[in-house]
Amino acid sequence: EILTEEPDNSGYVPPVRLAQAVKWTARDEEEHKDCPKETLIVIKHFKAVSKVTWHTKGDYFATVIPEGDHRAVIIHQLSKWRSQLPFSKSKGQVQNVLFHPIRPFLFVATQKNVRIYDLVKQELTKKLQSSCKWISSMAIHPGGDNVIIGSFDKKVQWFDMDLSSM
């Protein structure tokens, strides 16, 4: 089982920016009295987490910290108990993130746009412009070809990824 004991991370030193943002610990009876006994791992973040989303393969998940600026999105890997900060600059207040169900893409919704990043190339591949005042939610079709966003101004917009361009 992945989560029964802490992996060997000897020699790994997280970057300072990351070490200040998250801390992984195994559940400890004394330290985590407020956690249910089923809790295996506690990942302490530097600010409140508003959203969590799984990658379809299950080893990765991402968290959203809206007030985190350039640390608003953190990607975590369960098997290694490691995290990474994919962005060095803030491109607006992040509302939601989702992994593409098939390809190595990360969808990042800010207040007005959805940016799609290639996780392998580590670059922006597309930017979806919405006519919404403030994006509230986002969903990706299981095939990955369609994205739907919802907004606080009562709109839902559907994007066909095959038709959209950068």
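I take buried as under 20% relative accessible area, exposed as over 50%, and partly exposed as in between, with a 1.4 Å probe and protein chains only. By this scale Trp 134 counts as partly exposed, because its relative accessibility is 35%.

**Basis.** I worked on a predicted model, in which local features need pLDDT of at least 70 and side-chain atom pairs count only at pLDDT 80 or more, while totals for chains, interfaces and linings use all residues. I numbered residues from 1 along each chain as its sequence is written, and side-chain values use heavy atoms, with hydrogens and water left out.

**Sheet.** I took strands as DSSP runs (E, at least two residues), numbered from the N terminus, and called two strands paired if DSSP finds at least two bridges between them. I looked up an open sheet of 4 strands, in the order β3-β4-β5-β6, with antiparallel pairing. Its edge strands are β3 (51–54) and β6 (82–84), each of which pairs on one side only. From one strand to the next the twist averages 25 degrees; axes are lines fitted to C-alpha atoms, and angles run from 0 to 180 degrees between N-to-C directions. I then followed β3 to strand β4 (residues 60–64), where the antiparallel pairing covers 4 bridges. Val 52 has Thr 63 in β4 as its bridge partner.

**Aromatic pairs.** I counted rings of Phe, Tyr and Trp (its six-membered ring) as paired if their centres lie within 6.5 Å; planes under 30 degrees apart are stacked, over 60 edge-to-face, and the rest tilted. Searching the whole structure gave 4 aromatic pairs. One of them is Phe 87 with Tyr 117: the ring centres are 4.7 Å apart and the planes stand at 55 degrees, so this pair is tilted. Phe 87 lies in the loop between β6 and β7 (96–99) and Tyr 117 in strand β9 (residues 113–118), 30 residues apart. Both Phe 87 and Tyr 117 are buried.

I also examined Trp 134 and Phe 152, whose centres are 6.3 Å apart with planes at 80 degrees, so the pair is edge-to-face. Trp 134 is in the loop between β10 (123–129) and β11 (135–140), and Phe 152 in the loop between β12 (146–151) and β13 (156–160). Phe 152 is exposed, at 61% relative accessible area.

**Charges over rings.** My criterion was NZ of Lys or CZ of Arg within 6 Å of the ring centre and within 35 degrees of the ring normal. Arg 71 places its charged end over the ring of Phe 46, 4.0 Å from the centre. Arg 82 lies over the face of Tyr 12, 3.8 Å from the ring centre.

**Cysteines.** I found 0 disulfides, a disulfide being a pair of cysteine sulfur atoms within 2.5 Å. Cys 35 is buried at 18% relative accessible area, and Cys 132 is buried at 3%.
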